[in-house]
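My entries follow in the order I looked things up.

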Amino acid sequence: MRHSRRTVLASAAGLGLAAALGVLPATSASAAPAAAPTGSPASYAAYERSTENANANRAFFEAVQRSVAEQRAASPGLMAVTVTYNTRNAPSFRSQISRSTQIWNSSVSNVKLQEVSSGGNFSYYEGNDQRGSYASTDGHGRGYIFLDYAQNQQYNSTRVTAHETGHVLGLPDHYSGPCSELMSGGGPGTSCQNTNPNSAERSRVNQLWANGLVASGLGTKG
């Protein structure tokens, strides 16, 4: 899918700027502000390795956990953990998001990802941001994944999406890792085509989501 078009959605053009200002993109934006500057591997690397990014990833995972815990509290009989998401604000990346969902759902057993038409435990957004793609929160306990156009042209787009989705499941960045490690992200360079988590990453996710959210202390045993 080609992401070089900057006219995917008029409302999407300003999402990178909104994110850069620390504001979650509006669910149904109308007049969009000017697009944020496009980035480069150097600008992506600088943000990826920053404390700001690490804190955002942690806040994102905690927001998703709380959202799922609320879902389970409303339906205490649920035996499996399902994390729901919507793609209404990332139409250009529907195929990559679908593929990353398939990858994770076939890789782990204690948690599943499921698309919903609206709402959900987190959302995907698209736009331009010199920081690249990232996971964050809106400051009100809701999580979202932002997918940057330029970065998804330069790197394997499914790898970028699957990497960011890994944060949904609690995995931190590890940019010094090899290409075989999904959470090494852009560390191995643009030539890396691996889109699958390795055995250690799969095991860690299953541990985090064993017995619901017991490991995190944010949920109850199903």
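**Disulfide**

I started with the S-S torsion of Cys179 and Cys192: it is about 85°, so this disulfide is right-handed. I note that the model is predicted. The sulfur atoms of Cys179 and Cys192 sit 2.0 Å apart.

Where do the two cysteines lie in the chain? I found Cys179 in the loop between α6 (157–168) and α7 (199–208). Cys192 is in the loop between α6 and α7 as well, and the two are 13 residues apart.

Cys179 has a relative accessible area of 26%, so I logged it as partly exposed. Cys192 comes out at 4%, so it is buried.

**Main core**

Which residues have the most contacts inside the largest nonpolar core? I listed Val83, Trp104, Phe122, Val168 and Trp209. That core has 33 residues. Helix α3, residues 51–74, gives the most to it, with four residues. I kept a general point beside this entry: in soluble globular proteins, nonpolar side chains tend to be buried together.

**Ser123**

Next I went to Ser123, which lies in strand β3, residues 122–127. Is Ser123 buried or exposed? Its relative accessibility is 13%; the cut-off for buried is under 20%, so Ser123 counts as buried.

What does the side chain of Ser123 pair with? I found a polar contact of 2.9 Å to the side chain of Asn86. Not counting residues up to four places away in sequence, Ser123 touches Asn86, Gly143, Tyr144 and Ile145. I cross-checked two of these names.

**Thr158**

My last stop was Thr158, in helix α6. Its relative accessible area is 17%, so I logged Thr158 as buried. I set aside neighbours within four places in sequence and listed the contacts of Thr158. They are Gln96, Arg99, Ile103 and Thr195.

Definitions and conventions: Residues numbered from 1 in each chain as written. Predicted model: local features only at pLDDT ≥ 70, side-chain atom pairs only at ≥ 80, totals over all residues. Heavy atoms only, no water. Core = buried A, V, L, I, M, F, W, Y, C linked by side-chain atoms within 4.5 Å. Buried < 20%, exposed > 50% of the residue type's maximum accessible area, 1.4 Å probe, protein only. Polar contact = N/O pair within 3.5 Å; in protein donor to acceptor, adjacent residues only side chain to side chain. Contact = heavy atoms within 4.5 Å. Disulfide = S-S within 2.5 Å.
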